[in-house]
Amino acid sequence: MARYGLSRLAAAAALAIAAPLAAQSPAPTEAGAEPPADDHVIDRDRYERLTVPVTIAGQGPYRFLIDTGAQATVVTHRIVNDLALPRRGRAMLVAMGSAEMVDLIEVDELRFAGRSVTGLLSPLLHSSNIGADGILGLDSLQDLRVLIDFREERMLVADAAALGGNAGYEIIVRARRKLGQMVITDALVDNIRVAVVVDTGAQITLGNSALLRKLRARDMGEITSMDVHGTQIVSDLSYARELEIGGMTMGNVPIGFADSLTFAALGLGKRPALILGIGSMRVFDRVAIDFARRQILFDIPGRHDPSRARAMFMSGGPIPGGPGSP
C-alpha cells in the first residue's frame with residue numbers, strides 16, 4: 001500500500017515524463033481507412049505486451065505504460081470520464097521539453113500485478129500525447145522490478161523473484177536513488193564521467209549541455225521527439241564513440257543534446273548527465289530496473305546472437321567468444 005498527499009505530489013510533479021512514441025498504435029495511412037486485419041492484430045498484440053493492465057476502483061482493465069523516468073502515475077481523460085474521478089487542484093508538471101499546469105485527479109485505489117496502490121493524486125494528460133490510458137510512475141513502482149524483454153517485445157512488472165531473479169544477467173550495476181529515480185553514477189561517455197538516468201519512457205538518449213561542452217561533439221543533424229504535453233523537442237544529434245556502464249562498453253551511441261528541464265529538476269543541470277532512452281537499451285536482450293535492490297541488470301545478447309553482440313558491444317562485457325568491435 002502507498003499513500004501520497006498533495007504536498008508530496010507537488011514535488012513529484014516536477015519530474016519528467018517522456019512520451020514513449022513506439023508504443024502508440026499507428027494511425028491509418030489514409031483518413032478513415034482501417035489497417036489490414038493481420039496488421040491490426042499484430043499492432044494490438046504488441047501494444048498489450050508493452051503495457052500493463054490496471055484496474056481503478058475495480059473498473060477496467062486499462063492499459064498503462066511503465067515509465068521509470070516519471071515521478072507520478074498519470075491518468076487520461078478517458079479514465080476520468082469513465083469513472084467520474086474527482087479533480088483535486090492543479091500542479092506544475094515538468095516534461096522533457098515543456099512545463100504546464102495540469103489537473104490533479106484523486107485515485108482511491110489502483111491495482112496491477114497483484115498490488116494495490118491507494119491515495120494517489122495523479123496528473124491528468126491527454127491519451128493522444130502518451131499513447132495509452134495512463135502511465136505507471138515511480139509512486140506506483142517502488143519495491144518492484146521492471147523488466148523489458150526485447151526478444152519478446154514485452155514489458156513486465158512484479159517483484160524480482162517472480163521475474164526470475166538475477167539469472168541470465170551478465171551485468172549488474174548498483175544505482176542511487178535521486179528523488180525516486182534510479183541514477184547510475186559509475187558511467188563514462190568517451191572517458192567523461194556522467195550520471196545516467198534509466199528512463200523506459202524516453203525513446204531517445206538525451207544528454208545535457210554540460211556533457212556536450214565536455215565532449216565537444218560534432219553536430220550530425222537533428223532528432224525530433226515529443227513530450228507528454230505534446231510539445232516537440234528538437235535535439236542536436238551526435239554520436240558517442242563509447243558509453244561504458246559497469247564494465248561493459250557500447251559503441252557508436254546516438255545522443256540528442258537539448259537543454260531539457262528534466263536535468264534541472266533532477267539536480268543534474270550543471271554536471272554531465274545522460275537520460276538513457278529505450279532506443280539505446282534495445283541493443284540488450286533484456287534490461288531490468290530493480291527499485292527494491294537499487295540495481296540495473298543487463299542481459300547481453302551474445303548467447304542468442306553472437307554476431308549482434310559483437311556489433312553492439314566493443315569490450316569489457318562477458319560476451320561468449322571474446323570481445324568484438326563494431
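Modeller: Buried here means under 20% relative accessible area, exposed means over 50%, and partly exposed lies in between, with a 1.4 Å probe and protein chains only. This is a predicted model, in which local features need pLDDT of at least 70 and side-chain atom pairs count only at pLDDT 80 or more, while totals for chains, interfaces and linings use all residues. Residues are numbered from 1 along each chain as its sequence is written, and side-chain values use heavy atoms, leaving out hydrogens and water.

Biologist: How many aromatic pairs does the count come to?

Modeller: The general idea first: a pair of aromatic rings is described by the distance of the centres and the angle of the planes. Rings of Phe, Tyr and Trp (its six-membered ring) pair if their centres lie within 6.5 Å; planes under 30 degrees apart count as stacked, over 60 as edge-to-face and the rest as tilted. By this rule there is one aromatic pair. The ring centres of phenylalanine 284 and phenylalanine 298 are 4.8 Å apart and the planes stand at 40°, so the pair is tilted. It links distant parts of the chain, 14 residues apart: phenylalanine 284 is in the loop between α8 (278-281) and β19, and phenylalanine 298 is in strand β20 (residues 295-299).

Biologist: In which order do the five strands of the open sheet run?

Modeller: Helices (H or I, at least four residues) and strands (E, at least two) are DSSP runs, numbered from the N terminus. Two strands pair if DSSP finds at least two bridges between them. In this open sheet the order is β9-β8-β19-β20-β10, with antiparallel pairing. At the edges are β9 (154-158) and β10 (171-174), each pairing on one side only. Within the sheet, strand β8 (residues 145-149) and strand β19 (residues 286-290) run antiparallel and are joined by five bridges; leucine 147 has alanine 288 as its bridge partner in β19.

Biologist: Over which ring does the charged end of arginine 286 sit?

Modeller: A charge sits over a ring if NZ of Lys or CZ of Arg is within 6 Å of the ring centre and within 35 degrees of the ring normal. The charged end of arginine 286 is over the ring of tyrosine 169, 4.0 Å from its centre.

Biologist: And the hairpin of β15 and β16: which residue takes a positive phi there?

Modeller: Glycine 230 does, near 90°, in a hairpin with five residues between the strands. Strand β15 (residues 222-226) and strand β16 (residues 232-245) run antiparallel, joined by five bridges, and threonine 224 has valine 234 as its bridge partner in β16. Serine 225 also lies in strand β15, and counts as buried at 13% relative accessibility.

Biologist: Where is aspartate 190 placed?

Modeller: Most residues other than glycine have a negative phi, and most peptide bonds are trans. Aspartate 190 has a positive phi of about 50° although it is not a glycine, and is placed in the loop between β12 (181-189) and β13 (192-198). Asparagine 191, in the loop between β12 and β13, has a positive phi near 70°.

Biologist: Does aspartate 190 count as buried or exposed, and what of asparagine 191?

Modeller: Aspartate 190 counts as buried at 16% relative accessibility, whereas asparagine 191 counts as exposed at 66%.

Biologist: Which residues does the cis peptide bond join?

Modeller: The bond joins glycine 60 and proline 61, with omega about 10°; proline 61 lies in strand β2 (residues 59-66).
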